[in-house]
Amino acid sequence: MDGNVLRVFSRLTALDEDIMEPRTRRCVTQALREIYPVGGEARLLTEGIMELGETLCVPNGEARCALCPLSALCLARERGAVARYPVKSPPRARRIEPRTVLLLRCGERWAIRKRAGKGLLAGLWELPNVPGALNEEEVRALFPGAVSCTPCGEAVHVFTHVEWHMRGYALEMKSESPDFIWKRAEEISAEYSVPTAFRFFQKLLK
């Protein structure tokens, strides 16, 4: 849900629930669904609320309630508590997760795999990776049949509550392991949705 819409709604109704909670967002969505018009009128209403949130019912600084066409309906203004809303818990500190990304190549094809159906980046394709910041010796131990193992850089990707601190190794394999899908670099780019978290390393595929 758009942050402007959520903020305007929370002030109009003096919503005392934390808008960062998924349950609160679901309740607001359901409440709006019950009163919203359909078709073009829905679009116009949404645009109007978003404009209010951007110009009058602003998140930073003092809200311009005297100019707001909805001020007579606003419970937060009526109670003299506009600054209190929306109720919003402070952001949680991000958890740092070191990961080791593995660029496995056999001939002209590279290994990819599909992530599990639950959790972060569920169901998306990815370059093989393992938890932890492995050194070269530890990576070679995972793939004892590799012809070569070369460090290929480091990258950081920031999610909402997690940061991946990634270290990469490029390995030349003797054969294609059945644990992975093997594709040419251009096929991976054109046909598989690899998350941007792996963009730095995907650019190294040639």
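**Close-up views of aromatic pairs and helix contacts**

Five aromatic pairs are present in the structure, where rings of Phe, Tyr and Trp (its six-membered ring) pair if their centres lie within 6.5 Å, with planes under 30 degrees apart counted as stacked, over 60 as edge-to-face and the rest as tilted. This is a predicted model, in which local features need pLDDT of at least 70 and side-chain atom pairs count only at pLDDT 80 or more, while totals for chains, interfaces and linings use all residues. Residues are numbered from 1 along each chain as its sequence is written, and side-chain values use heavy atoms, with hydrogens and water left out.

**View 1. Phenylalanine 159 and tryptophan 164 form an edge-to-face pair.** The ring centres of phenylalanine 159 and tryptophan 164 are 5.1 Å apart and their planes stand at 70°, so the pair is edge-to-face. Phenylalanine 159 is buried at 14% relative accessibility, and tryptophan 164 is buried at 1% (buried means under 20% relative accessible area, exposed over 50% and partly exposed in between, with a 1.4 Å probe and protein chains only). Ring pairs join Phe159, Trp164 and Phe198 into a cluster. The charged end of arginine 99 sits over the ring of tryptophan 164, 4.9 Å from the ring centre; this term requires NZ of Lys or CZ of Arg within 6 Å of the ring centre and within 35 degrees of the ring normal.

**View 2. Helix H1 and helix H2 are roughly perpendicular to each other.** The axes of H1 (residues 3-12) and H2 (residues 22-35) come within 11 Å and cross at roughly 80°, where axes are lines fitted to C-alpha atoms, for helices over the stretch in contact, and angles run from 0 to 180 degrees between N-to-C directions. Helices (H or I, at least four residues) and strands (E, at least two) are DSSP runs numbered from the N terminus, and angles under 35 degrees count as roughly parallel, over 145 as roughly antiparallel, 65 to 115 as roughly perpendicular and the rest as oblique. Val5, Leu6 and Phe9 of H1 make the contact with Arg25, Val28, Ala31 and Leu32 of H2, contact meaning heavy atoms within 4.5 Å.

**View 3. Helix H1 is also roughly perpendicular to helix H3.** H1 packs against H3 (residues 40-55) at an angle of about 80°, with the axes 8 Å apart. In this contact, Asn4, Val5, Arg7 and Val8 of H1 meet Ile49, Met50, Leu52, Gly53 and Glu54 of H3.
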